[in-house]
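Good morning, and thank you for making time for this presentation. I would ask you to keep the sequence and the coordinates in view while I go through the strand pairings, the charged pairs and the core.

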Amino acid sequence: IKFNNNITINDNANFLVINNADIDISKNYWPTSPIKINLTTPSINVEGIQLRNTMIKSSYKNKNIFIEKISSKLIEGNINAQGKINIINEMPFELHGSFKNISLNLLMNQAKIATWDRVKIKISSPNFNLSGYIKNNKDFNKNLKGNIPINGSIFFVSTEEERFGAALLSLLVDKLPELSSISNSISFLVTKFSNIPSSVKGTLIINEGFISTQDMLVENNQGKASLSASLNIETNIINGKINFYEDDEIYLEATLKGNIRNPQILVEGKII
């Protein structure tokens, strides 16, 4: 028994919109055989995030949808995953897989969370897992859980004015010794991290409405920094600590606070 058609799917809150999908549903005549559901679509929108050229291979049996394979393009990268959805009550789901070369800047811009011009981040994950409930959109973030080991690249952009300012501060230190601490901090950051490609590696934990990390490492040939931070998914407020190292010793401690749209880096309570 086989059915195929071209469809568009969306829920009442437009949380999920699937456009112009080709869906192929088939079932062997044997009564206990599962219903096979294969779907291909050029566009899926999940809360503003666009997934392109998506292919889903799945089957349905005993009120469970078993996702054998999902492959999709996201920004400049791609995602591959497998999982399961139980279609009773709140529709709990499990998803695991990998993604590669995802631009965090463009992802947050699509989701209307933040527009970052001063830092560019691309990430990959060899083995992520997510779980939650599909039906309850209002509490979707609070119920979402996940473990996402990541690696990638990060590039901090500094302007000519900032580099000139750092040089000027270092010249003024002889006349104004009270500027020594802030001058050393800015010179260190500009020299070690600005306009230099760096690697980033660590693990993101999603739980009870927060995304957190305790072991994020940023490293290049000039310097190394570690980040521990927590981001409230609902309010987009981040609170974290950054340790900058020199010769494997902590040279500078900073805090990261504020809205993810424009977080502040503070050293000794002063904004850098």
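Let me begin with strand pairing. Strand β6 and strand β7, which covers residues 92-103, run antiparallel and are joined by 8 bridges. Please bear in mind throughout that this is a predicted model. Within the pairing of these two strands, Asn 78 has Lys 100 of β7 as its bridge partner. The two strands form a hairpin with 5 residues between them, and in the turn Asn 89 has a positive phi of about 50°.

From β7 we move to β8. These two strands also pair in the antiparallel sense, over 9 bridges. One of the pairs to look at is Glu 94, whose bridge partner in β8 is Ser 131.

Strand β11, residues 210-219, is joined to β12 by 8 bridges, and the two run antiparallel. Here Met 216 stands opposite Leu 227 in β12. The hairpin formed by β11 and β12 has 4 residues between its strands.

Strand β12 also pairs with β13, in the antiparallel sense and over 8 bridges. In this pairing, Lys 224 stands opposite Tyr 245 in β13. The hairpin of β12 and β13 has 4 residues between the strands, and Asn 236 takes a positive phi near 60° there.

For context, the protein chain contains 4 helices and 16 strands. Of its 272 residues, 34% count as buried. Among contacts with a separation of 6 or more, 41% are between residues 24 or more positions apart. The accessible surface comes to about 16,200 Å², and carbon and sulfur atoms account for 55% of that area.

I turn now to the charged pairs. Side chains of opposite charge can pair when their charged atoms come close. How many salt bridges does the count give? The count comes to 3.

One of them is formed by the side chains of Lys 122 and Glu 76, at 3.0 Å from N to O. This pair links distant parts of the chain, 46 residues apart: Lys 122 is in strand β8, while Glu 76 is in the loop between β5 and β6.

Another salt bridge joins Glu 246 and Lys 192, where the closest N and O atoms are 3.6 Å apart. Glu 246 belongs to strand β13 and Lys 192 to helix α4, residues 180-193, so that the pair links distant parts of the chain, 54 residues apart. Glu 246 counts as partly exposed, at 31% relative accessibility, whereas Lys 192 is buried, with a relative accessible area of 16%.

There is also the salt bridge between Lys 224 and Asp 248, with the closest N and O atoms 3.1 Å apart. Because Lys 224 lies in strand β12 and Asp 248 in the loop between β13 and β14, the pair ties together parts that are 24 residues apart in sequence. Asp 248 counts as exposed, at 59% relative accessibility.

In soluble globular proteins, nonpolar side chains tend to be buried together. In this model the largest nonpolar core has 50 residues, and those with the most contacts inside it are Leu 74, Phe 99, Trp 116 and Phe 244. The largest share of this core, 4 residues, comes from strand β8, residues 119-133.

What does Phe 244 touch, beyond residues up to four places away in sequence? Its contacts include Phe 188, Leu 189 and Phe 193, together with Lys 224, Ala 225 and Ile 250.

Ser 43 is found in strand β3, residues 35-46. Ser 43 counts as buried because its relative accessibility is 17%, and the cut-off is 20%. The side chains of Ser 43 and Gln 50 are joined by a polar contact of 3.2 Å. Leaving aside neighbours within four places in sequence, Ser 43 is in contact with Val 17, Ile 18, Asn 19, Gln 50 and Leu 51.

Definitions and conventions
Residues are numbered from 1 along each chain as its sequence is written. This is a predicted model: local features need pLDDT of at least 70, side-chain atom pairs count only at pLDDT 80 or more; totals for chains, interfaces and linings use all residues. Side-chain values use heavy atoms; hydrogens and water are left out. A nonpolar core is a set of buried Ala, Val, Leu, Ile, Met, Phe, Trp, Tyr and Cys residues joined through side-chain atoms within 4.5 Å. Buried means under 20% relative accessible area, exposed over 50%, partly exposed in between (1.4 Å probe, protein chains only). Contact means heavy atoms within 4.5 Å. A salt bridge is a side-chain nitrogen of Lys or Arg within 4 Å of a carboxyl oxygen of Asp or Glu. Two strands pair if DSSP finds at least two bridges between them. Accessible areas come from the Shrake-Rupley method with a 1.4 Å probe; for residues, only the protein chains shown count as cover. A polar contact is a pair of N or O atoms within 3.5 Å; within protein, one must be able to donate a hydrogen and the other to accept it, and residues adjacent in sequence count only if both atoms are side-chain atoms.
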